[in-house]
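Work through the exercises below with the sequence and the model open. Each task is followed by a solution in steps.

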Amino acid sequence: MNYCPQCQSSQLVKSGIINKRQRYKCKNCNYNFTVNKIGKKIDQYYVTKALQLYLEGLTYREIERIIGVSHVSVMNWVRKYNIHKVQNTDYHPTYKILNQSELSIYFSKPENTKGAGMIVTELGDKYMVIKWERFKE
Ligand SMILES: [Zn+2]
């Protein structure tokens with residue numbers, strides 16, 4: 001199965017041959033590309049992570065920066081899986097990317113764990129700590 005390099009949709013139609021290469025058009029985002037540009041299917045692991053981060057309140061651009069997939073892909077997954085974010089105006093997430101030893105140092109300091117909930121999620125070979133802080137009034 002082939003996928004659009006821009007949005008990972010598999011709804012492709014052939015649209016002529018350019019320089020002896022088959023050209024495709026994506027029916028989802030209208031992107032035109034030749035066969036050597038066909039995107040590899042993005043690992044489901046990153047789809048799950050991206051949707052988790054989206055639910056935690058991160059923006060598309062932040063998710064793009066952290067996971068390294070285009071924000072267009074993330075927007076498409078949100079639509080595809082019909083994800084609805086809970087509106088939250090009291091807290092906003094802050095996050096850090098830490099390796100194993102930085103993570104243990106982080107947790108050894110009480111001021112880092114007090115007063116706010118947090119989750120730790122694996123991200124490649126590192127860890128991401130997402131922590132909520134109450135907006136100042
Ligand atoms: Zn597309």
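**Exercise 1: an annotated segment**

Describe the secondary structure and end-to-end distance over residues 49–87.

Step 1. Over residues 49–87 the chain is 64% helix and 0% strand; helices (H or I, at least four residues) and strands (E, at least two) are DSSP runs, numbered from the N terminus.
Step 2. UniProt, in an unreviewed entry, places the feature "domain: Terminase ATPase subunit N-terminal" at residues 49–87. UniProt positions follow the numbering used here, feature names are shortened, and annotations may be inferred rather than shown by experiment.

Two notes on the model apply throughout. Residues are numbered from 1 along each chain as its sequence is written. The model is predicted: local features need pLDDT of at least 70 and side-chain atom pairs count only at pLDDT 80 or more, while totals for chains, interfaces and linings use all residues.

**Exercise 2: a helix pair**

Find how helices α2 and α3 pack and which residues meet.

Step 1. Helix α2 covers residues 60–67 and helix α3 residues 71–80; they pack at an angle of about 115 degrees, with axes 8 Å apart. Axes are lines fitted to C-alpha atoms, for helices over the stretch in contact, and angles run from 0 to 180 degrees between N-to-C directions.
Step 2. From α2, Y60, R61, I63 and E64 meet H71, V74 and M75 of α3; two residues are in contact if their C-beta atoms, placed from the backbone, lie within 7 Å.
Step 3. Sorted by class, this contact has 4 nonpolar, 1 polar and 2 charged residues (nonpolar: Ala, Val, Leu, Ile, Met, Phe, Trp, Tyr, Cys and Pro; charged: Asp, Glu, Lys and Arg; polar: the others, Gly among them).

**Exercise 3: one residue**

Is L123 buried, partly exposed or exposed, and which residues does L123 touch?

Step 1. L123 lies in strand β5 (residues 118–123).
Step 2. L123 has 17 other C-beta atoms within 10 Å, so L123 is partly exposed (buried: 20 or more; exposed: 12 or fewer; partly exposed: in between; C-beta atoms are placed from the backbone).
Step 3. Not counting residues up to four places away in sequence, L123 touches K49, I97 and M128.
Step 4. K49 is 74 residues from L123 along the chain, and their C-alpha atoms are separated by 7.9 Å.
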